[in-house]
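Here is a briefing on the structure shown below. Keep the sequence and the model open while reading.

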Amino acid sequence: MRIDVNVFLGAYPYRRVPGTSPEAVLRAMERVGIDEAWVTHLPGLFWQAPPEGNAWLYEATARERRFQPVPAVHPGLPGWEAVLAEARARGAPVVRCDPTYCGLDPAGAEMRGLAAACGAAGLPLLLAVRLEDARQRHPNDRAAEVPAAAVRALVRSDADVRLVVTHADRAFVEEVHFGSTPEEAARIWWDICWIWGPPEDHLKTLLHTVGVERFVFGTGQPLRIPENSVSKLDLLELAPQQRAAIESENARRGLLH
Amino acid sequence: MLIDVHAHFYHDRSPRADWRERNASRLAAGEQIGITIHVASILGSWGRASPTYFPSPADLPYGNDALLALAREHPNRVRGYVTVNPNYTTHALGEIVRCLGAGMIGIKLAASRRATDPLLDPICEIARERGVPVLQHVWQHRRRDWPGQEASDGAELCALAGRHPKVRFILGHIGGGGAWQHSLAALRAAPNVFVDLSGSGVDGGLLESCLAAVGVERLLWGSDITMDTGWAKLRYLTHLLSPDEVELVKWKTAVGVFPRGAFPSD
């Protein structure tokens, strides 16, 4: 069983990306052996009101059992609490907010309010540190990357909030993990898509220092080819239970309750 | 057979205490991926005694010698590019002659001098004479100068390649950062420039765009400092290409780019 917690559907505004339709993403999942994908409506992330993409997302995921919706919440917009409530009612495994694309302070009052509400609702909050390498972003794609300090602040802001952080590299993970109490760190899960394999062996190091239990399988597809996350696991010497933890069990046990 | 045209190793005078582990990790991962030959370079002291992209004449021979030693230690696994700094013409030419004579098979230009600069011409001329390729570190669409390097982009490399049409150039790490569409657009009209697929970038659409821009015949497989991304791109290519075309990217094209006898298949 392999659950990809970091998948997008729909067109990317800043460059042509093939394979963004639900059908194409399903084919990519079959190609690399992904059984379930937690999907975000990609165009909506760049809209004034990202939740306006959620209706399409719910329709798309209702048609395909292998998709689970990751609806967007914008805590700076009136009515966001209803968006969160709908996500919970529809069984979304997590909700997401990309604060810098919303023009929000990543650790400001709106985000802290969302973190508290997610904690109360029992819904993990997903944030992407970045979507693309900063060196290649479109000249008009100027939203800042989410800083590690913001993740530390958010996890401290509410005792019940659980965070899923995608597209973080080794330094980011270490800064947050070792800058948090063990209790705080235990409420953060990291997807592996941006963490380097050999010869730098960042993922191997993190699994040893931070712990296997903190990592979940994510690819960032179709913005990134999903073969990468599979390859970096294939290059590790993992016991079957460790691999299963990363590929599905950490998400199931830590996030789906 | 699988040839990695863009590999690196470290040595005891680099800043990294873990240099042996990194070298061992590359070789071990290479075994798993199926890499037959790592064609590698060492950029001077990797920043310890002189900047990585501006290696000093004092540091370059030590790095090149360390690589030659690795090639002797792993004669069936490791080949070398001789790394030079074009700002020191006499030293660079001497180092090229010395290291090619010792068995290296290409020239590595990092980012010590812009590719459009005439100081690169004597290096390209000796590459032509000796029949070896030039691997140029490239920042895809360099919109400004970045600290620590005098990087070149694809258009600048193509200008150099246009001045030296009989030299085979390798555009370094198309997935190594920057807007690769810019490089690919420049490469269409530069038949003597090959695209090295290495780099941490695994963008959806990258490989399709490479194929559309230069065709499968000008693609070379490589990893640079992230072997997982290299393997991922190779795996995806098997879904985009026929088996014969995959063999081109894996090794057959590289055999034609490097001098005859560089690899066991020759």
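## Two chains in contact

In chain A, 24 residues are in contact with 26 residues of chain B; contact means that the C-beta atoms of two residues, placed from the backbone, lie within 7 Å. Helix 9 (residues 227-234) of chain A gives the largest share of the chain A side, four residues. That side divides into nine nonpolar, six polar and nine charged residues.

This is a predicted model, in which local features need pLDDT of at least 70, side-chain atom pairs count only at pLDDT 80 or more, and totals for chains, interfaces and linings use all residues. Residues are numbered from 1 along each chain as its sequence is written, and chains are lettered from A and ligands numbered from 1 in the order in which they are written.

- Ala, Val, Leu, Ile, Met, Phe, Trp, Tyr, Cys and Pro count as nonpolar; Asp, Glu, Lys and Arg count as charged; the others, Gly among them, count as polar.
- Helices (H or I, at least four residues) and strands (E, at least two) are DSSP runs, numbered from the N terminus.
- A residue is buried if 20 or more other C-beta atoms lie within 10 Å of its own, exposed if 12 or fewer, and partly exposed in between, with C-beta atoms placed from the backbone.

**Chain A overall**

- Chain A has 10 helices and eight strands.
- Its radius of gyration, taken over C-alpha atoms, is 17 Å, close to the 18 Å that the globule rule (2.2 Å times the number of residues to the power 0.38) gives for 257 residues, so chain A is as compact as a globular protein of that length.
- Along the principal axes, the C-alpha atoms of chain A fill a box of roughly 50 × 40 × 40 Å.
- Of the 257 residues in chain A, 52% are buried.
- Take the contacts in chain A between residues at least 6 apart in sequence: 74% of them join residues at least 24 apart.

**The sheet of chain A**

- Five strands of chain A form an open sheet in the order 4-5-6-7-8, with parallel pairing; two strands pair if DSSP finds at least two bridges between them.
- Strand 4 and strand 8 (215-216) of chain A stand at the edges with a single partner strand each, so one side of each has no neighbour in the sheet.
- Strand 4 (residues 95-96) and strand 5 of chain A run parallel and are joined by two bridges.
- A:Val95 stands opposite A:Leu125, and A:Arg96 has A:Leu126 as its bridge partner.
- In strand 5 (residues 125-128) of chain A, A:Leu125 and A:Leu127 point one way, A:Leu126 and A:Ala128 point the other way, and all are buried.

**The sheet of chain B**

- Eight strands of chain B form an open sheet in the order 1-2-3-4-5-6-7-8, again with parallel pairing.
- Strand 1 (3-8) and strand 8 (219-220) of chain B are at the edges, each with a single partner strand, so one side of each is left without a neighbour in the sheet.
- Strand 1 of chain B is joined by four bridges to strand 2 (residues 37-41) of chain B, and the two run parallel.
- Within this pair, B:Ile3 stands opposite B:Ile37.
- Helix 5 (residues 154-163) of chain B packs on the sheet and touches strand 5 (134-136), strand 6 (169-171) and strand 7 (193-196) of chain B.
- The direction of helix 5 makes about 175° with that of strand 6 of chain B; axes are lines fitted to C-alpha atoms, for helices over the stretch in contact, and angles run from 0 to 180 degrees between N-to-C directions.

**Nonpolar cores**

- A nonpolar core is a set of buried Ala, Val, Leu, Ile, Met, Phe, Trp, Tyr and Cys residues joined through C-beta atoms within 7 Å.
- The largest core has 88 residues, and B:Ile107, B:Leu171, B:Val195 and B:Leu220 have the most contacts inside it.
- A second, separate core has 77 residues, including A:Val7, A:Cys97, A:Val176 and A:Cys193.
- Beyond its neighbours within four places in sequence, B:Ile107 is in contact with residues including B:Tyr81, B:Ile96, B:Ile123 and B:Val134.

**Backbone points to check**

- The peptide bond from A:Pro198 to A:Pro199 is cis, with omega near 5°.
- A:Pro199 lies in the loop between strand 7 (188-191) and helix 8 (202-211) of chain A.
- The peptide bond from A:Gln221 to A:Pro222 is also cis, with omega near 0°.
- A:Pro222 lies in the loop between strand 8 and helix 9 of chain A.
- B:Trp46 is not a glycine, yet its phi is positive, near 55°.
- B:Trp46 sits in the loop between strand 2 and helix 2 (60-73) of chain B, and counts as buried because it has 22 C-beta neighbours inside 10 Å.
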